[in-house]
Amino acid sequence: MKTKLVIFCAAFFLAACHLPSPPSPPGPDEELIAKGKEIFFNETFNGNGRTCGSCHPAENNFTIDPAFIATLPDDDPLFVAEFNPDLKENFENPRLMREFSLITENLDGFDDLANKFTLRGVPHTLGLRFTIDSSLGPRTGWSGDGAPGDGSLRSFATGAVIQHFTRTLNRVAGVDFRLPTDEELDALEAFQFSLGRQQELTLPLPLKGTVAKRGQELFNDLTIAKCSACHFNAGANFNPNLTFPDSGNLNFNTGVEDLPDQPQDLTGELVPPDDGFGTPGDGTFNTPSLVEAADSGPFFHNNSIETIEGAVAFYDGESFNNSPAAQLLIQATGSGIEIDGTQVVAIAAFLRVINALENIRQSIELLDKFAAKNFRTVKEGEELLISALAETKDSSMVLKSGGLHPEAVKFLYESQKLIKKAKRSLFLRARYAREAIEKQDAARNELVENS
Amino acid sequence: MFKYITVTGIFILVFAMVPVTLAEKATELYIPIGKSPGLYGKYLATGRIEKVNYQNNTLTMSSGSSSYPVEVTERTMIFLDRSKMGQPNIYGSFSDCKQGMMIEVRFEKDERGRPAEWIKLEMQ
């Protein structure tokens with residue numbers, strides 16, 4: 001009995017070694033971000049039960065796709081149009097939501113809900129620090145005009161609550177929802193800015209993979225693929241070396257709306273054309289960042305292309321090369337974009353590798369935090385491991401499905417196992433987390449030279 | 001060789017034609033007077049309608065001790081704020097503007113001398 005008690009006390013003591021140690025008081029920014037996180041995932045604004053996290057779940061890179069949607073229970077608030085009689089008509093198209101992860105938005109007005117709407121994919125909320133600012137004002141959402149009021153990211157949540165959280169189609173403030181307060185908008189903005197990378201890449205990276213390396217060359221070559229014209233450093237901003245330095249995140253009409261056989265059009269459901277920025281629209285859509293692309297498809301504003309290879313190949317097609325954006329490129333460079341199959345794959349390989357690198361970076365950051373007990377509650381610690389696991393799964397999936405870097409994939413699988421061990425362990429959590437970091441480092445070393 | 005000057009010139013030409021309603025968003029319809037995020041107290045004029053000229057589509061509003069004209073064009077969006085009545089907000093027209101009504105105005109490019117980008121009228 002005494003022996004058992006000693007063992008129990010020892011176990012308790014050791015387990016307590018990975019409880020959160022009282023952290024130093026959080027700074028004001030950290031408090032605001034924590035508050036924003038709480039609101040983002042839990043606040044329904046007295047609406048239909050949805051939260052921001054309903055469409056921007058952390059476990060799926062803050063976006064939704066058909067595979068993720070298929071895992072949700074039927075009573076998830078995402079599906080409110082299926083079980084709330086007040087939202088059964090003219091709020092969402094459940095079939096297109098489930099099949100293509102398309103969300104209904106009334107961007108050109110609410111005067112004809114049956115016919116006047118757009119169907120768009122859910123953009124992720126990663127790296128927003130670098131994907132909103134432009135010389136023409138803030139650009140939010142797929143057409144860059146996503147926010148009411150001053151158009152900022154801060155104001156975006158107000159529009160989102162009105163469009164997506166309402167209890168009925170009346171959308172009466174104070175009845176069908178409540179508007180976010182100024183403090184809540186501040187917190188949500190701080191939280192969203194904290195997500196994802198906090199630095200732009202500086203290309204070229206010293207990549208090790210043969211195909212990805214060539215893909216990076218093609219990406220940056222303004223005489224071949226020309227990607228870096230609009231996606232400088234694989235981000236969302238226009239190349240400052242081509243126009244004035246602060247042009248920032250811009251809109252273009254790249255002809256996506258002209259693609260034939262778009263999946264949603266094949267269903268026979270009503271899919272009105274999307275005219276992009278403004279009312280009436282000018283046909284342009286906002287440039288997204290490419291660092292986060294490979295694991296956050298489907299692609300383009302209407303989810304019309306499922307794979308990253310398909311998204312790259314789009315720029316070799318007729319729809320793009322007949323578009324206003326391509327005409328701009330042709331006038332400036334003498335030609336459109338012509339890339340052959342192997343070049344498409346190479347550019348996609350580059351995008352897969354930089355996405356995997358970003359996922360590895362995030363995983364290491366999360367595991368580091370866990371190992372250093374830099375969290376305030378046990379639940380927060382668990383969330384760090386869960387997020388690290390999700391990021392690691394993403395990085396291995398992105399590389400494997402491109403047939404890239406099998407050694408790195410092996411290390412990432414090993415890292416996943418260690419993270420799971422850390423989750424299950426009582427006494428050795430920090431050690432397993434540190435070993436998981438070593439495997440992440442080893443994977444990264446396969447992709448890029450050490451700097 | 002990439003023609004930098006040409007690109008810059010085309011860029012300026014294309015983006016100089018950007019419409020004035022850069023940050024317009026349809027959900028503004030449902031935001032009651034005084035609640036437009038990031039604008040209230042900074043870029044909006046809020047007050048009462050002093051008089052309306054239905055012939056030339058202008059009105060005069062008073063705000064505090066000041067009065068100023070407001071020009072309404074075919075681009076101006078007019079929202080009827082019925083939130084205090086517990087009813088859905090709807091689109092209106094210039095004929096809905098009446099003397100004495102509470103009004104909130106956002107001007108094009110946030111410059112008071114320019115026409116109204118949108119007007120909200122409080123309905124009671």
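Q: What makes a residue buried or exposed here?
A: A residue is buried if 20 or more other C-beta atoms lie within 10 Å of its own, exposed if 12 or fewer, and partly exposed in between, with C-beta atoms placed from the backbone. The model is predicted: local features need pLDDT of at least 70, side-chain atom pairs count only at pLDDT 80 or more, and totals for chains, interfaces and linings use all residues. Residues are numbered from 1 along each chain as its sequence is written, while chains are lettered from A and ligands numbered from 1 in the order in which they are written.

Q: Why is Pro260(A) called exposed?
A: Pro260(A) has 8 C-beta neighbours inside 10 Å. The limit for exposed is 12 or fewer. Therefore Pro260(A) counts as exposed.

Q: Where is Pro260(A) placed?
A: Pro260(A) sits in the loop between β3 (251–252) and β4 (285–286) of chain A. Helices (H or I, at least four residues) and strands (E, at least two) are DSSP runs, numbered from the N terminus.

Q: What makes a set of residues a nonpolar core?
A: Its members are buried Ala, Val, Leu, Ile, Met, Phe, Trp, Tyr and Cys residues, joined through C-beta atoms within 7 Å. The largest such core has 77 residues. Val312(A) and Leu351(A) are among those with the most contacts inside it. α13(A) gives the most to this core, with 18 residues.

Q: Which residues is Leu351(A) in contact with, leaving aside its neighbours within four places in sequence?
A: Leu290(A), Ala293(A), Ala294(A) and Ile308(A). Contact requires C-beta atoms, placed from the backbone, within 7 Å.

Methods: Contact = placed C-beta atoms within 7 Å.
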